[in-house]
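Let's work through some exercises together. Keep the sequence and the 3D view open as you go.

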Amino acid sequence: MFQYMLNIGINELMKREFEIISKHYINNKKAKDILLLHSLLVRDKAIRIAGNNPQLKINPEILEQGALLHDIGIFYTNAPEFGCYGTFPYICHGYLGRELLEKEGLGEISLIAERHTGTGLSLEEIKQQNLPLPHRNMIPITIEEQLVCFADKFYSKGNNLRNEISLKKIRIKLSKHGNNQLLQFNKWCEVFL
């Protein structure tokens, strides 16, 4: 199943996800193009990892939907480098994406959007760092949430969109945000790689 999904690109399985993206990015080609490419790369990475780990019993439909829609909320943020001219700080895109996806009737998928920042954010981290986020845990719980979060770390939305980021560079970046981020990533490396 996962090998089939990896080989297909954009198809009927993803029609609803692309309709949702198109609806919210109708007048923003740059952001839409960046979002689509990034999301497809994350999806493909997640599907490859899932295919190599059948013992994890990952739901392929939830994984694919979550990977394609995890960054849907970026247009709400002020990130001109991605073509986004909203009013919120970029760190808010996860919970804003959750709210959008809940309105679209995708409650289970919406949690993937909210919980993919870094390796997830605990309530303690949000409070300690005074982040402009709702005060609740935003830690990936399900295996699909964890895998999308993990796969997302390998691709940037900035320059070199298509280039996979090395484990070393991911670890350096995460270590700047606290030891918990790095520890969680290393745990996922043991599970997924």
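Helices here are DSSP runs of H or I with at least four residues, numbered from the N terminus. The model is predicted, so local features need pLDDT of at least 70, side-chain atom pairs count only at pLDDT 80 or more, and totals for chains, interfaces and linings use all residues. Residues are numbered from 1 along each chain as its sequence is written, and side-chain values use heavy atoms, leaving out hydrogens and water.

**Exercise 1.** Find which helices each supply at least two residues of the lining of the second largest pocket.

*Solution.* Step one: a pocket is an open set of points on a 1 Å grid over the protein atoms alone, with protein on both sides within 12 Å along at least five of seven lines, and lining residues have an atom within 4 Å of a point. Step two: the helices are helix 7 (123–128) and helix 10 (179–192). Step three: helix 10 gives the largest share, five residues. Among the lining residues are Glu-124, Gln-128 and Lys-187.

**Exercise 2.** Work out how helix 3 and helix 8 pack.

*Solution.* Start with the numbers: helix 3 (residues 29–51) and helix 8 (residues 143–152) have axes 9 Å apart, at an angle of about 120°. That makes helix 3 oblique to helix 8 (angles under 35 degrees are roughly parallel, over 145 roughly antiparallel, 65 to 115 roughly perpendicular, and the rest oblique). Next, look at the contact (heavy atoms within 4.5 Å): residues including His-38 and Val-42 in helix 3 meet residues including Leu-147 and Phe-150 in helix 8.

Methods. Axes are lines fitted to C-alpha atoms, for helices over the stretch in contact, and angles run from 0 to 180 degrees between N-to-C directions. On a 1 Å grid over the protein atoms alone, a cavity is a set of points where a 1.4 Å probe fits but cannot get out, and a pocket is an open set with protein on both sides within 12 Å along at least five of seven lines; lining residues have an atom within 4 Å of a point.
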